[in-house]
Amino acid sequence: HTIGSARCLTFRSRAYNDSDIEPSYANFLRSNCPKSGGDDKLSPIDIATKDIFDNAYYRNLLYKKGLFHSDQQLYSGSFTDSKVKYYATYPSLFFKSDFANAMLKMSNLSPLTGTQGQIRKVCSRVN
């Protein structure tokens, strides 16, 4: 989630309902995403460096500027807080080892194909 944009529809609830969001960031999101309508309006997933693959995503989480509720949960007082702090502070350790290992692990997954699987039109729900 360090590059790209997301549709208002996918983060509206966070912008208007979550309490673990930095107030000026919530206002920024609301300025582009009305309470109703405008579902296709876009906002950057990484507010700091929207077009650069870097560790700003993790720094954003430290300051309660995660676009998605699920992302912000990575830094919410749980066991993953230490990983977020680690990657925010030491970007090279993420990019040189952990990210590469995660990509290798994902490449070994066997996706369901044919009638056993599906390409979702909306990632969060079954077609």
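This is a predicted model: local features need pLDDT of at least 70, side-chain atom pairs count only at pLDDT 80 or more; totals for chains, interfaces and linings use all residues.
Local features need pLDDT of at least 70, side-chain atom pairs count only at pLDDT 80 or more, and totals for chains, interfaces and linings use all residues. Residues are numbered from 1 along each chain as its sequence is written, and side-chain values use heavy atoms, without hydrogens and water.

The secondary structure consists of six helices and two strands. Helices (H or I, at least four residues) and strands (E, at least two) are DSSP runs, numbered from the N terminus. Read from the N terminus on, the order is β-α-α-β-α-α-α-α. The C-alpha atoms fill a box of roughly 40 × 40 × 30 Å along the principal axes. The protein has 127 residues, and 29% of them count as buried. Buried means under 20% relative accessible area, exposed over 50%, and partly exposed in between (1.4 Å probe, protein chains only). The accessible surface is about 8,500 Å² (Shrake-Rupley method, 1.4 Å probe). Carbon and sulfur atoms hold 57% of that surface. Contact means heavy atoms within 4.5 Å. Among contacts between residues at least 6 apart in sequence, 55% join residues at least 24 apart.

Helix H2 spans residues 23-32, and its Tyr 25, Ala 26 and Leu 29 are buried. Seen down the axis of H2, the buried residues fall within an arc of 100 degrees, so they line one face of the helix. The arc is that of the directions from the helix axis to the C-beta atoms. On the other side of H2, Pro 23 and Ser 31 are exposed. The buried residues of H2 pack against helix H1 (8-17) and strand S2 (42-44).

Two packed helices are described by the angle and the distance between their axes. The axes of H5 (residues 81-89) and H6 (residues 91-107) come within 4 Å and cross at roughly 100 degrees. Axes are lines fitted to C-alpha atoms, for helices over the stretch in contact, and angles run from 0 to 180 degrees between N-to-C directions. H5 is therefore roughly perpendicular to H6 (65 to 115 degrees). H5 contributes Lys 83, Tyr 86, Tyr 87, Ala 88 and Thr 89 to the contact. H6 contributes Pro 91, Leu 93, Phe 94 and Asp 98. These residues divide into six nonpolar, one polar and two charged.

Lys 64 lies in the loop between helix H3 (56-62) and helix H4 (69-72). Most residues other than glycine have a negative phi. Lys 64 has a positive phi of about 60 degrees, although it is not a glycine. At 41% relative accessibility, Lys 64 counts as partly exposed.

How values were computed:
Angles under 35 degrees count as roughly parallel, over 145 as roughly antiparallel, 65 to 115 as roughly perpendicular and the rest as oblique. Ala, Val, Leu, Ile, Met, Phe, Trp, Tyr, Cys and Pro count as nonpolar, Asp, Glu, Lys and Arg as charged, and the others, Gly among them, as polar.
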